Amino acid sequence: MSARPRVRLRGTPVTPEIRKAHDRHEPRVILGVLAVLLVYVWCYTQLAAWYGLPSPGDVVGLLGFDWPHVIDFYGSIDAKLEVTHTGIFTSSFERLIFFVGLFGCFLSVYFAPLQHKAWMIVGWFVVLFAVLFGLHATGLLVAAHLTIYLAFHPTGRHSGLVAALWGGLVATLFGGASLGGMAFGLIAVGALAARWVYLLLVPALVREGRPVQILRTALIQACMILILGSCVREGLTDQTWVMPVGLLYFCYQWARLMVYRVDYRDGVVPRDLPLGEYLAVFLSPVAIPNFTYAPYLGQGYGYLKERHLVEDKNALVRSGTRLWCLALVYMVFAGQFTASFVEAMGRYFGLNVYAQTSELVREHVAGVEHSTPTVLISTFLNQVRVYLIYGGVTHFRVGAYRILGYRVDPQYDRPWLATNLASLWGRFAFHLREFLVRVFYYPTFFAFFKRRPALRIFFATMVATVVGNFVWGHVPQVTLYELKWETLLRFLSTWPYFLLLGLGISITQIVLTRRPRTRRPWTWDRRFPLDILSAYLTFQFFALIHVFIRPHEGGSLWSYTQLFLRGFGISLE
């Protein structure tokens with residue numbers, strides 16, 4: 001085992017007795033979940049039209065509103081919540097299937113005994129994923145996670161049977177289905193061979209020697225290995241590999257897998273962890289919609305375990321449905337709000353404002369001259385738009401976690417209250433920050449510059465927010481859809497954003513350490529206006545540096561720097 005010291009800065013784990021006490025039934029909360037999901041079904045599917053009921057478009061028309069950025073062609077709400085990378089059904093029917101499956105999962109988890117809740121979550125995920133993405137994608141995803149489980153938990157209960165399941169599954173995926181009558185024999189041979197080989201390897205896995213550590217690291221970093229290998233191959237051969245959906249879904253869990261590895265090293269994950277508890281961490285219906293949005297949401301085993309039934313499950317369900325209501329407001333009005341704001345700025349103030357920073361950058365690269373107000377307002381508005389859309393989607397997923405019994409923190413938490421960059425980073429991207437802190441900040445902080453506190457904080461923060469955030473935090477999200485060398489290089493050119501963000505957060509933390517606050521922000525006193533100014537300047541700086549992370553063809557570091565400085569009123573030709 002690793003000699004790395006265990007880092008535990010979280011709360012006390014909830015005991016089984018407390019969880020059992022919190023697992024009391026209050027059936028009326030089921031009606032609340034059903035009611036909110038029916039509203040989602042009405043908004044995001046064509047079920048109303050199928051049954052001759054008024055659609056959202058009909059209601060908006062009757063009220064006399066013209067909301068082209070809210071209502072789509074079919075009269076439904078313009079989709080922000082969607083199931084991607086599947087073409088088996090129409091988008092509307094995909095969402096309907098998901099909502100029905102999520103409600104079924106909620107009912108099963110709500111009434112299932114404590115020891116069976118994890119398997120209820122996994123079971124519903126497998127069914128939903130198989131219906132939406134197909135059996136091959138489901139088998140590939142399950143096989144990938146069984147590989148992780150077998151590598152990390154050789155002493156788990158029935159690990160030999162799990163290895164047999166893995167062998168049979170792999171045999172099915174790679175030829176079993178195409179061999180007709182011989183398929184059963186191939187699957188049986190694959191299962192028996194995998195079990196026999198695995199039992200021979202168990203002693204070495206238990207000893208956790210260096211080869212095992214290298215193997216586990218390679219499995220956890222499979223996403224980055226596949227990205228680098230595929231991009232290099234494309235650059236050399238001009239042949240682009242399209243990743244299968246099941247493997248793509250697995251790779252999008254790279255951050256949560258890395259946190260799981262940290263939990264394992266810290267002794268948080270039991271070595272004999274049951275398979276169901278492992279799979280429930282990663283295979284949950286919560287992650288199906290918009291799985292590319294905040295893929296680190298939920299983190300690893302320790303985070304979810306400590307938040308499972310940490311309070312009365314009915315209170316968790318009610319908080320989840322409230323988040324769903326807030327998420328719906330965000331997702332419905334995000335597009336219309338930004339479009340109306342852009343129109344109002346042009347009509348009443350004569351300002352050319354862009355709803356997205358990428359549009360601003362594109363026009364700048366094309367030679368359009370922008371004023372300082374245009375740059376500031378456009379970048380600010382873009383971050384508001386991101387908060388509304390991403391906040392809506394992630395609030396929905398956090399709400400889904402809560403109705404399943406997990407007190408998960410929101411990804412976004414009122415960023416407008418942040419009066420410094422360190423606070424904003426935590427409020428604007430909570431789960432991303434936690435991933436970076438657990439995987440990069442803590443190991444660096446406890447290993448370097450122990451006698452120089454300021455340098456210690458600065459170095460650890462820069463490693464987390466620059467190296468960790470740049471490479472592991474964003475490269476997979478950008479390249480997994482397009483495994484091309486050019487795509488990777490284009491993103492690597494965005495390094496100034498991460499450098500400026502890291503410097504801002506590092507300096508803020510050092511200042512706060514040396515000059516601790518004696519006053520709580522947003523206290524109603526004579527310094528209250530300074531809180532407003534600090535909040536604006538913090539958010540504006542964060543919004544402005546995003547011009548470096550929206551590269552456009554034909555752009556250069558110099559052109560992005562010119563646009564950035566234009567936000568400060570500095571014009572460089």
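## Core, pockets and a buried aspartate

Leave aside the neighbours within four places in sequence, and Phe-435 is in contact with Trp-254, Ala-255, Met-258, Val-259, Tyr-296, Phe-440, Trp-472 and Gly-473. Keep in mind that this is a predicted model.

The largest nonpolar core has 166 residues, and Phe-435 is listed with Tyr-40, Ile-288 and Trp-324 as having the most contacts inside it. As for where the core residues come from, helix 7 (residues 135–152) supplies the largest share, 12 residues.

Now for a charged residue. Asp-263 sits in helix 13, which runs over residues 254–265. Is Asp-263 buried or exposed? Its relative accessibility is 1%, and buried means under 20%, so Asp-263 counts as buried. What does it touch, not counting residues up to four places away in sequence? The list is Val-268, Val-269, Gly-300, Tyr-301, Gly-302, Tyr-303 and Arg-438.

| Largest pocket | about 1000 Å³ | 36 residues | 18 nonpolar, 13 polar, 5 charged |

In the largest pocket, the lining residues closest to the centre are Tyr-390, His-474, Gln-477, Ile-549 and Arg-550. Helix 17 (357–365), helix 18 (372–403), helix 19 (421–428), helix 22 and helix 23 each give two or more residues to this lining. Which helix gives the most? That's helix 18, with 5 residues.

Helix 23 covers residues 485–492, and its buried residues are Thr-487, Leu-488 and Phe-491. Looking down the helix axis, those buried residues fall within an arc of 100°, so they line one face of helix 23. In an α-helix there are 3.6 residues a turn, so residues three or four places apart point the same way. The cover over the buried residues of helix 23 includes helix 11 (222–237), helix 21 (453–472), helix 22 (475–479) and helix 24 (495–514).

Technical notes: Residues are numbered from 1 along each chain as its sequence is written. This is a predicted model: local features need pLDDT of at least 70, side-chain atom pairs count only at pLDDT 80 or more; totals for chains, interfaces and linings use all residues. Side-chain values use heavy atoms; hydrogens and water are left out. Buried means under 20% relative accessible area, exposed over 50%, partly exposed in between (1.4 Å probe, protein chains only). Helices (H or I, at least four residues) and strands (E, at least two) are DSSP runs, numbered from the N terminus. The arc is that of the directions from the helix axis to the C-beta atoms. Contact means heavy atoms within 4.5 Å. A nonpolar core is a set of buried Ala, Val, Leu, Ile, Met, Phe, Trp, Tyr and Cys residues joined through side-chain atoms within 4.5 Å. On a 1 Å grid over the protein atoms alone, a cavity is a set of points where a 1.4 Å probe fits but cannot get out, and a pocket is an open set with protein on both sides within 12 Å along at least five of seven lines; lining residues have an atom within 4 Å of a point. Grid points are joined across faces, edges and corners, and a volume is the space filled by probe spheres set on the points. Ala, Val, Leu, Ile, Met, Phe, Trp, Tyr, Cys and Pro count as nonpolar, Asp, Glu, Lys and Arg as charged, and the others, Gly among them, as polar.
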